[in-house]
Every structure is written in C-alpha cells, then in structure tokens.
Amino acid sequence: MKMNKILVTGSAGFIGYHLSKKLISLGFQVYGIDNLNDYYNVNLKKDRLAELGIDVNSENFINHAEIKSTISNFQFRQIDLVEDQKLDILFSEEKFDSVINLAAQAGVRYSIDNPKVYVQSNLVGFINVLEACRQNKIKHLIYASSSSVYGNQEKVPFSEEDSVDKPISLYAATKKSNELMAHVYSHLYGLPTTGLRFFTVYGPWGRPDMAPFLFTKAILSGNPIKVFNNGNLMRDFTYIDDIINGVVGVLKSKVKSGAYQLYNIGNNDPVKLLDFIKSLEHVCGKSAKLIMHPMQDGDVYKTYANTDALHNLCGYKASVDIDFGLKEFVGWYKTYYKIST
C-alpha cells in the first residue's frame, strides 16, 4: 500500500526530528506538529526545526500558524494534542495517509512529581489522535510506546508476549494505557495500529534529560555524575539511526484493516551502566567523577529487547554499537555547544 502524506506528531522532539528528516529524504510529504513545551530547553527544539527548514523567527511560527519549510515536502504547525478541535480541522483539511504519533510527555522520574501533565498529554492527547484517525479513515497509526511497560520483570530479553501488568511509574502506566486504547480502536473501528516499544534511544540532537547527554555534559565540564543503584543497571541503548530505520520499515510494511500490532524496537544487546560510562570517558578523553546513589523511584534494573518480531516484519536489526554511537553523539554535542576540547 502506497502511503504519501504522513503526519508526524512531536516533530520537534528528538526522535520526531530524525524521523521527519528521514521521511523527507525518502520523498514523503511530511507534516509536523509539536507543542514545544518547556520540559527541556525549547531552543533545542527550535534548532531541530531550523534544521528541517523552518523559520522559527517568522510571524507565522510565533503565531502558531502553519509554516512551510524551505524544504518543499515539509511543513509545520505548533499544535498541542489536547487541542482536539485544531487537531480535527488539521486532519480534515490535510487528508493524511498515515500518522506517526511521537508526541508525549516523556520522562519516568518527572511523572512522579507531575502526574497530571502525563494524563493530559499521554492519555487525553492520545485519545484525540485516535478519534481523529478514526474519523478521517487513516490507513495506519504508528505510535510510541516504551520499554518501561515491562517494569522490573526478571525474565530477559523482554518479549512482546510477556506480561506488562505491573508498571512502576505513571509514565509506564500511560504507555500501557495507549496500547490498550489502540487495541479498542483497532477492534471496534478497524483502525490499523502499531505500537513501538522504544528502548533507551540516544544519538545526536538527543534529549538533555537522558544519560548520554547528562553524562557527557558532566565529564566535559569536570562535574560529577550521579550513578544510581551504584551502577548496577543495564540498558539496551539503541542508536537513533537504527530506531529510524525500524520505524520506516514498519511504515512501509503491509497492514490489514483492524490490525493491532506491538513491537519491541531496541538494540538486543544491553550494556552495563559502568561500561557505558567507561566508553563515554574514552570518547570524551576525560575521566568521569562518580557519585554513587541508591536506586531511584520508578527506575528499572535492566532493559533488554527481543526484536525477533520486528525483524520478521521488516528485517529490522540494530547495527550501531555503543562505541560508534557515543562517538557520534559526543561529536555532535561538542559542535552544537561549541566545545573545542
């Protein structure tokens, strides 16, 4: 099934930016929306949009109107998913073929102190997307879930057939809720939905609240790193290019009416946190100062993706190892923040 016009929600975000860039290069007509909230520095989000050819100083951008990119097959508008009327009008006017919903309130720890934000963005926002897709006969809705839905289960690697009934953060609970909501819309209305459980995505233009960014900043500035659970954590760090290739593979795959699908999308090769820090020290050329802390509320001990199902669907296989990925990230970080050392 040929799909030409794609809506990417959260297009000023880390994954959304990279996905929009890739889809543009493949010749899709891409429409991006984002609410540009201040969960982290909005200037980073604006700079991502500028890379996509959006004039973030223009009157249209400032007034939240539609703005065309200098790239012919991309346009953007600032919309929050909770604004259901604006969303409905957008869907009705633009006639999207498929929707890739990456917009959400991110962050496990932030959800502990700010629960209502997650309810609005991740639950109210998502039901608005589902309704707009239903009303406008969208051919395929792909949406971001998370490895956090697996909680602290001991069986590894995590498989899509595993129970996800015991989330340990509100963020995880909202992501499982998204999966259940999508199932209802697939079952009742025939809307094809595919949820992707992302595993610790990192790379250039990454989020400032995540370990690669925080640790790189600390090492290069000579500040200490907070290491939780005394470093006894493992993460399935997945490089952004691998993630994007997987999402595009899902987009290009055939999907039946009413199909409800869930896939892990990760590296299938977890790394110990202390080994991750050693690799980062090597790339930065400086030693890290470590301060050990106990486990944080809402955090999990290990993430480890079984990606066989996604491989069977579209040939997905992560190929970027942690040393190369961190080298690329640190190179971007130094360039973006104009660090010469």
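Is N268 buried, partly exposed or exposed? N268 is partly exposed, with a relative accessible area of 34%, where buried means under 20%, exposed over 50% and partly exposed in between (1.4 Å probe, protein chains only).

## Basis of the model

This is a predicted model, in which local features need pLDDT of at least 70 and side-chain atom pairs count only at pLDDT 80 or more, while totals for chains, interfaces and linings use all residues. Residues are numbered from 1 along each chain as its sequence is written, and side-chain values use heavy atoms, with hydrogens and water left out.

## Overall fold

The protein has 12 helices and 14 strands; these are DSSP runs numbered from the N terminus (helices H or I, at least four residues; strands E, at least two). Its radius of gyration is 19 Å, close to the 20 Å that the globule rule gives for 341 residues, so the protein is as compact as a globular protein of that length. The radius is taken over C-alpha atoms, and the rule is 2.2 Å times the number of residues to the power 0.38. The C-alpha trace spans about 55 × 45 × 40 Å along the principal axes.

Of the 341 residues, 55% are buried. Among contacts (heavy atoms within 4.5 Å) with a separation of 6 or more, 80% join residues 24 or more positions apart. The accessible surface comes to about 15300 Å², with 49% belonging to carbon and sulfur atoms; the areas come from the Shrake-Rupley method with a 1.4 Å probe, and for residues only the protein chains shown count as cover.

Helix α8 covers residues 211–221, and its buried residues are P212, F213, F215, T216, A218, I219 and L220. They pack against β8 (201–202), β9 (224–228), α10 (273–284) and α12 (322–336). Just after α8, G222 takes a positive phi of about 80°.

The structure holds two cavities of 30 Å³ or more. On a 1 Å grid over the protein atoms alone, a cavity is a set of points where a 1.4 Å probe fits but cannot get out, and a pocket is an open set with protein on both sides within 12 Å along at least five of seven lines; lining residues have an atom within 4 Å of a point. Grid points are joined across faces, edges and corners, and a volume is the space filled by probe spheres set on the points. The second largest cavity has a volume of about 40 Å³. Its lining includes V201, Y202, P212, F213 and F329, with β8 and α8 as the elements that give two or more residues.

The largest cavity has a volume of about 50 Å³. Helix α6 (115–135) and helix α7 (170–189) each supply at least two lining residues, and α6 gives the most, with three.

The second largest pocket holds about 170 Å³ of space. Helices α1 (14–25) and α9 (240–252) each supply at least two residues of its lining, which includes Y17, H18, P204 and Y239.

## Backbone exceptions

Most residues other than glycine have a negative phi, and most peptide bonds are trans. N268 has a positive phi of about 60° and lies in the loop between β12 (260–265) and β13 (271–272). K95, with phi near 55°, is in the loop between α4 (84–94) and β5 (98–101); at 58% relative accessibility, K95 counts as exposed. The V156 to P157 peptide bond is cis, with omega near -5°, and P157 lies in the loop between β6 (140–146) and α7.
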